[in-house]
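Hi,

Here is the structure I promised to pass on.

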Amino acid sequence: MLVDFMVAADSETAATSIAQAAGSLGYATEVEHHEADDASDPDRWTVYCSRTMLLDHGSVLAAQAELDKVSAPFGGYSDGWGTLGNAE
């Protein structure tokens with residue numbers, strides 16, 4: 001299945017660095033900016049890291065741990081995952 005893992009980042013610089021690090025591990029990546037709703041809420045960035053894989057509990061946990069490890073130096077962290085079903 002094609003699985004999308006989301007990694008949260010505080011800045012565009014951090015998100016871009018995380019995307020490059022995840023890309024070097026074989027993930028397809030995309031960076032998305034989320035504007036703040038009001039002045040008290042900071043802008044957020046999400047790095048979508050996608051990989052075709054056998055979907056089971058252990059593999060999801062392993063991928064999230066891997067992404068946590070490469071994103072931590074940039075202040076990022078795993079923030080969920082999802083899939084739309086079987087890969088073509």
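Below is what turned up, starting with the sheet and moving on to the core.

Bear in mind that this is a predicted model. There is an open sheet of 4 strands in the order β2-β3-β1-β4, and the pairing is antiparallel. At the edges you'll find β2 and β4 (77–83); each has a single partner strand, so one side of each has no neighbour in the sheet. From one strand to the next, the twist averages 25 degrees. β2 and β3 are joined by 7 bridges, and Val 31 sits opposite Val 47 in β3. As for the helices, α2 lies across β1, β3 and β4, at about 145 degrees to β4.

Now the core. The largest nonpolar core has 19 residues, and those touching the most other members are Phe 5, Val 7, Ala 9, Tyr 27, Val 47, Cys 49 and Leu 67. β1, α1, β3 (44–52) and α2 (57–71) each supply at least two residues, with α1 giving the most, 6. Leaving aside neighbours within four places in sequence, Leu 67 is in contact with Phe 5, Val 7, Ala 22, Tyr 27, Cys 49 and Ser 78.

Phe 5 is in strand β1 (residues 2–9) while Tyr 27 is in the loop between α1 (12–23) and β2 (28–34), so the pair ties together parts 22 residues apart in sequence. Both Phe 5 and Tyr 27 are buried. Finally, Arg 51 lies over the face of Tyr 27, 3.9 Å from the ring centre.

Cheers

Conventions
Residues numbered from 1 in each chain as written. Predicted model: local features only at pLDDT ≥ 70, side-chain atom pairs only at ≥ 80, totals over all residues. Heavy atoms only, no water. Buried < 20%, exposed > 50% of the residue type's maximum accessible area, 1.4 Å probe, protein only. Lys NZ or Arg CZ within 6 Å of the ring centre and 35° of its normal. Core = buried A, V, L, I, M, F, W, Y, C linked by side-chain atoms within 4.5 Å. Contact = heavy atoms within 4.5 Å. Pairing = 2+ DSSP bridges. Axes fitted to C-alpha atoms, helices over the stretch in contact; angles between N-to-C directions.
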